[in-house]
Amino acid sequence: PPPQGGQQGGMPPPPPQGYAPPPGYGYPPPQGYAPPQQQAPIKPIGHFGITTDFKTPIVLPKHNLKIDENHFLKLLAGSVSLMKDEKKRIIEAIPRLTQQQIDELIRILEEEKQKFSELDIQHKAQLDSLESKHAQEWAELEMELTAGEVKAQEDSEAEAIRAQLSSKKEEGNNEKNE
């Protein structure tokens with residue numbers, strides 16, 4: 001009779017298919033078994049969303065928040081998870097946000113920038129494409145928002161001129177009536 005503990009010769013049963021014991025332990029690998037290949041170390045790109053000379057004509061609406069507006073707009077412009085319309089809504093919502101909400105939003109945007117900058121260099125082409133697409137959308141958003149500001153300023157100036165003309169007309173009518 002075979003000894004207890006497994007097969008003849010006192011050996012335990014072979015491990016399940018696909019099992020690879022650490023080097024120097026147990027059974028030799030089954031025939032045809034290839035050890036898992038070592039992955040090359042990740043090389044971070046390290047520059048995703050980073051521009052040193054960021055400037056934008058976009059001005060945040062009046063608010064009572066304690067934030068570095070240029071830094072916030074730079075993070076928002078560099079976000080690839082938000083689309084143009086979402087960025088616009090965030091800008092418009094600034095006056096209604098609490099300090100806690102804006103701090104959390106900045107934290108999330110900084111985390112997104114960090115995560116993308118750590119991606120493997122193998123994804124550089126896709127990331128460059130994403131950055132380019134979102135940079136173009138940001139430029140469109142700048143044009144939309146600044147065009148709205150210019151129109152509002154023009155409307156305000158036109159209203160002031162109409163009011164001035166109206167008051168001069170009333171003065172002229174009052175002089176005729178006297």
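Colleague: Which residues does Glu-137 touch, not counting residues up to four places away in sequence?

Modeller: In this predicted model, Glu-137 touches Met-83 and Lys-84 once those sequence neighbours are set aside.

Colleague: What part of Lys-84 lies 3.5 Å from a polar atom of the Glu-137 side chain?

Modeller: The backbone nitrogen of Lys-84.

Colleague: And where is the place of Glu-137, in which helix?

Modeller: Glu-137 sits in helix H4, which covers residues 124–177.

Colleague: Is Glu-137 buried or exposed?

Modeller: Buried. The relative accessible area of Glu-137 is 14%, and buried means under 20%, so Glu-137 falls in that class.

Colleague: Different topic. Where is Ser-79 found?

Modeller: Ser-79 is in the loop that runs between H1 and helix H2, the latter being residues 84–93. Ser-79 is buried as well, because its relative accessible area is 1%.

Colleague: Which side chain has a polar contact with that of Ser-79?

Modeller: The side chain of Ser-81, at 3.3 Å.

Colleague: And which residues is Ser-79 in contact with, leaving aside neighbours within four places in sequence?

Modeller: Ser-79 is then in contact with Lys-87, Leu-109, Glu-112 and His-134.

Colleague: At roughly how many degrees do the axes of H1 and H3 cross?

Modeller: Roughly 50 degrees, and the axes come within 9 Å. H1 is residues 69–78 and H3 is residues 99–117. Angles under 35 degrees count as roughly parallel and 65 to 115 as roughly perpendicular, so H1 and H3 are oblique to each other.

Colleague: Left-handed or right-handed crossing?

Modeller: H1 passes H3 in a left-handed crossing.

Colleague: One more. Where is the place of Ile-94?

Modeller: Ile-94 is in the loop between H2 and H3. Its relative accessible area is 0%, so Ile-94 is buried.

Colleague: Which residues does Ile-94 touch, not counting those up to four places away in sequence?

Modeller: Leu-60, Pro-61, His-63, Leu-65, Phe-72 and Ile-102.

Colleague: How many residues apart along the chain are Ile-94 and Pro-61?

Modeller: They are 33 residues apart along the chain, while their C-alpha atoms are separated by 6.7 Å.

Definitions and conventions
Residues numbered from 1 in each chain as written. Predicted model: local features only at pLDDT ≥ 70, side-chain atom pairs only at ≥ 80, totals over all residues. Heavy atoms only, no water. Axes fitted to C-alpha atoms, helices over the stretch in contact; angles between N-to-C directions. Helix = DSSP H or I, 4+ residues; strand = E, 2+ residues; numbered from the N terminus. Parallel < 35°, antiparallel > 145°, perpendicular 65-115°, else oblique. Left-handed = near helix turned anticlockwise from the far one by under 90°. Buried < 20%, exposed > 50% of the residue type's maximum accessible area, 1.4 Å probe, protein only. Polar contact = N/O pair within 3.5 Å; in protein donor to acceptor, adjacent residues only side chain to side chain. Contact = heavy atoms within 4.5 Å.
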